[in-house]
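Hi there,

Here is the structure I promised to pass on to you. Have a look at it first, and then read my notes below.

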Amino acid sequence: MAKFLTPLEVTQRPTDRRWVLLAPLVYKSDLSDLIGTWIIKVPSGFDTDFASVPRLPFMFWFLGDRGHAAATVHDYLYRTTQVTRAVADRVFQEALRADGMGSIPAWLMWTGVRVGGWTSYSHRHPENRP
């Protein structure tokens, strides 16, 4: 069963809208069809902007300021070369659900990273650019 093994502990950097982990964030993924059971440990000191939900009124009201722990794991996977972008996005959706988000908002957020995440991922991994 996928679940967070530690709570999200962060502090906001005073200079911008990024957050820094005060303690490791540990997530147990269970995407057995892709990678089997997998423990993902995001180290303390890692910085994140959480989920980059567009500031459109309805969209931010419905999806914004949610899923911070899942977004932190997703940011970490995007910045490392542990998995492909598709796997990182599936872990994001799984982590949103594991953290209690409903299936429709989790699907909408997953769709957002599938549509818009390629710019961030390919910027960090130029070998994967189309």
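Among contacts in the protein between residues at least 6 apart in sequence, 55% join residues at least 24 apart, where contact means heavy atoms within 4.5 Å. This is a predicted model, so local features need pLDDT of at least 70 and side-chain atom pairs count only at pLDDT 80 or more, while totals for chains, interfaces and linings use all residues. Residues are numbered from 1 along each chain as its sequence is written, and side-chain values use heavy atoms, with hydrogens and water left out.

The protein has 4 helices and 6 strands; helices (H or I, at least four residues) and strands (E, at least two) are DSSP runs, numbered from the N terminus. Reading from the N terminus on, you get β-β-β-β-β-β-α-α-α-α. Of the 130 residues, 40% count as buried. Buried means under 20% relative accessible area, exposed over 50%, and partly exposed in between, using a 1.4 Å probe and protein chains only.

Now for the helices. The axes of helix 2 (residues 68–79) and helix 3 (residues 85–98) come within 9 Å and cross at roughly 170 degrees. Axes here are lines fitted to C-alpha atoms, for helices over the stretch in contact, and angles run from 0 to 180 degrees between N-to-C directions. That crossing makes helix 2 roughly antiparallel to helix 3 (under 35 degrees counts as roughly parallel, over 145 as roughly antiparallel, 65 to 115 as roughly perpendicular, and the rest as oblique). On the helix 2 side the contact includes A70, A71 and V73, and on the helix 3 side it includes R85, A88 and D89. By class, the contact has 10 nonpolar, 1 polar and 2 charged residues. For those classes, Ala, Val, Leu, Ile, Met, Phe, Trp, Tyr, Cys and Pro count as nonpolar, Asp, Glu, Lys and Arg as charged, and the others, Gly among them, as polar.

How many aromatic pairs does a search of the whole structure find? It finds 2. Rings of Phe, Tyr and Trp (its six-membered ring) pair if their centres lie within 6.5 Å; planes under 30 degrees apart count as stacked, over 60 as edge-to-face and the rest as tilted. F4 and Y27 make a tilted pair, at 4.7 Å centre to centre with 50 degrees between the planes. F4 sits in strand 1 (residues 3–4) and Y27 in strand 4, 23 residues apart, and both F4 and Y27 are buried. F46 and Y76 have ring centres 5.5 Å apart and planes at 80 degrees, so that pair is edge-to-face. F46 is in the loop between strand 5 (36–42) and strand 6 (47–48), while Y76 is in helix 2, 30 residues apart. F46 is buried, with a relative accessible area of 11%, and Y76 counts as buried at 14%.

Last, two spots with polar contacts (a pair of N or O atoms within 3.5 Å; within protein, one must be able to donate a hydrogen and the other to accept it, and residues adjacent in sequence count only if both atoms are side-chain atoms). T48, found in strand 6, is buried with a relative accessible area of 0%. Its side chain is joined to that of D75 by a polar contact of 2.4 Å. S29 lies in strand 4 (residues 25–31) and counts as buried at 0% relative accessibility. The side chain of S29 makes a polar contact of 2.7 Å with the side chain of E94.

Cheers
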